[in-house]
Amino acid sequence: MHHGQGQLAEGALMRSGLAQAGPFALAALVLGVLFFFSEFREGEEPSAGTADDRGAPRLVLAAQPVPAVPAPGAVLSPTRATAAAQGGAPQPPNLLHEVLDRSRLSASWLQSHGFTPGSAALQRLHGLLQGHVALTATEARKIAFGPQDGDSALPAEGVPTLAQQERYVQAVMQPEGLAGDSVLLRWRNASDNALIELSAQAIPPNASEQIPIWRHTTEDWPPGRYRVEVIAPQGDLALLAAGEFVIAAPHAPVTPFARTAVDQLRP
C-alpha cells in the first residue's frame, strides 16, 4: 500500500516537473527517445524474408538508384538515328565500297590505276555510277554497232534498232589513240538514266585490229535508247568513244542485221 502510494507520488512529481519545465523540455525528451530508437535500428542487420522474435515479418526498404541528370548546359551526343531524324549531317559514304559493290571493277584494278581512297579520281569515278551523269567530248569517236561476229551494216553515225529479244549487242572500236592496258566501259539506259554496267576491258598490247565491245543478256531488253561509253582509266576520265542503239517496242521494225531479223529471213 505504501509502495503504491509512493509510485503515485513519484508520478505526480514527474508530471509537475514536466509541466514546470515547459514545452521545450518535452520536445527535447521526445527527440531523445526518437534518436535512441534510430540508433538501435541502425545497429541491426535485417535480412529480406526473415521474421523477428514475435514472428512478424520485417519490412526492408531498398534504396532505388537515382538516374543521372545531365548538368545544365551539357551537350548530349545524338545517335545516328536521332541525328538523321533531326536532319543532322549524314555520315560520308565509303566511295570505294560503293564502287566495288555497284560495278564490276576489282580492288586491285582500282589501286593500280590510281583510284585510291580519298583521291579526286575515285570521287569522279564514283560519279559515273549515276546514270544521269553524261560524258561528252567533241573528239570522241563513234562506235559502230553491227551483227554478232560480223561487220556493221551501218555507218558509225547510225543508230541501229534492235528487238527486245536480242541477246548479244556488239560494237567495234578502232584501236588508234588507245593507251594503257585497259579502258572503262559504261553501259546505261539513256531513256531513264539507269546504270547497267561499269566495267573494265583489257586492250591487247600493240593492238592493230578492231576491238570488240559487246554485252550479253539472258532477259529481254526494255524498249528505249541505250548508250555505251569508252572512257580512259585516268583521273580525268576522258571520253574516248561512244555509241547508241535503240530497243524497239514489240512488233516494231528493226535494223536488218539484227539477230531477230536474220532469223526471220531464214527458210
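**Figure 1. Salt bridge between Glu 197 and Arg 215.** The side chains of Glu 197 and Arg 215 form a salt bridge, with N and O 2.5 Å apart. This pair connects distant parts of the chain: Glu 197 belongs to strand S6 (residues 194-202) and Arg 215 to strand S7 (residues 211-216), 18 residues apart. Glu 197 has a relative accessibility of 14% and therefore counts as buried. Arg 215 is also buried, at a relative accessible area of 17%. The model shown here and in the other views is predicted. The structure holds 8 salt bridges.

**Figure 2. Salt bridge between Arg 225 and Glu 244.** The side chains of Arg 225 and Glu 244 meet at an N to O distance of 2.4 Å. Arg 225 is in strand S8 and Glu 244 in strand S9, so that the pair links distant parts of the chain, 19 residues apart. Arg 225 counts as partly exposed, at 34% relative accessibility, whereas Glu 244 is buried, with a relative accessible area of 19%.

**Figure 3. Salt bridge between Glu 229 and Arg 188.** In this pair the closest N and O atoms are 3.6 Å apart. Glu 229 lies in strand S8 and Arg 188 in strand S5 (residues 182-189); the pair links distant parts of the chain, 41 residues apart. Glu 229 has a relative accessible area of 0% and is buried. Arg 188 is buried as well, at 6%. Both residues belong to a network of salt bridges that also includes Arg 186, Arg 225, Arg 227 and Glu 244.

Figure 4. Phe 145, Trp 187, Trp 221, Tyr 226 and Phe 245 make up one aromatic cluster. The structure holds 7 aromatic pairs. One of them, Trp 221 with Tyr 226, is edge-to-face, with 5.1 Å between centres and 80° between the planes. Both of these residues are buried. Tyr 226 and Phe 245 are stacked, because their planes stand at 10°, with the ring centres 5.4 Å apart. Tyr 226 is in strand S8 (residues 224-231) and Phe 245 in strand S9 (residues 239-247), so this pair ties together parts 19 residues apart in sequence. The relative accessible area of Tyr 226 is 2%; Phe 245, at 0% relative accessibility, counts as buried.

**Figure 5. Surroundings of His 113.** His 113 is located in the loop between helix H5 (107-112) and helix H6 (120-127). With a relative accessibility of 17%, His 113 counts as buried. The side chain of His 113 makes a polar contact of 3.0 Å with the side chain of Ser 112. Leaving aside residues up to four places away in sequence, His 113 touches Asp 181, Ser 182 and Pro 233.

Notes
Residues numbered from 1 in each chain as written. Predicted model: local features only at pLDDT ≥ 70, side-chain atom pairs only at ≥ 80, totals over all residues. Heavy atoms only, no water. Helix = DSSP H or I, 4+ residues; strand = E, 2+ residues; numbered from the N terminus. Buried < 20%, exposed > 50% of the residue type's maximum accessible area, 1.4 Å probe, protein only. Polar contact = N/O pair within 3.5 Å; in protein donor to acceptor, adjacent residues only side chain to side chain. Contact = heavy atoms within 4.5 Å. Phe/Tyr/Trp six-rings, centres within 6.5 Å; stacked < 30°, edge-to-face > 60°. Salt bridge = Lys/Arg side-chain N within 4 Å of Asp/Glu carboxyl O.
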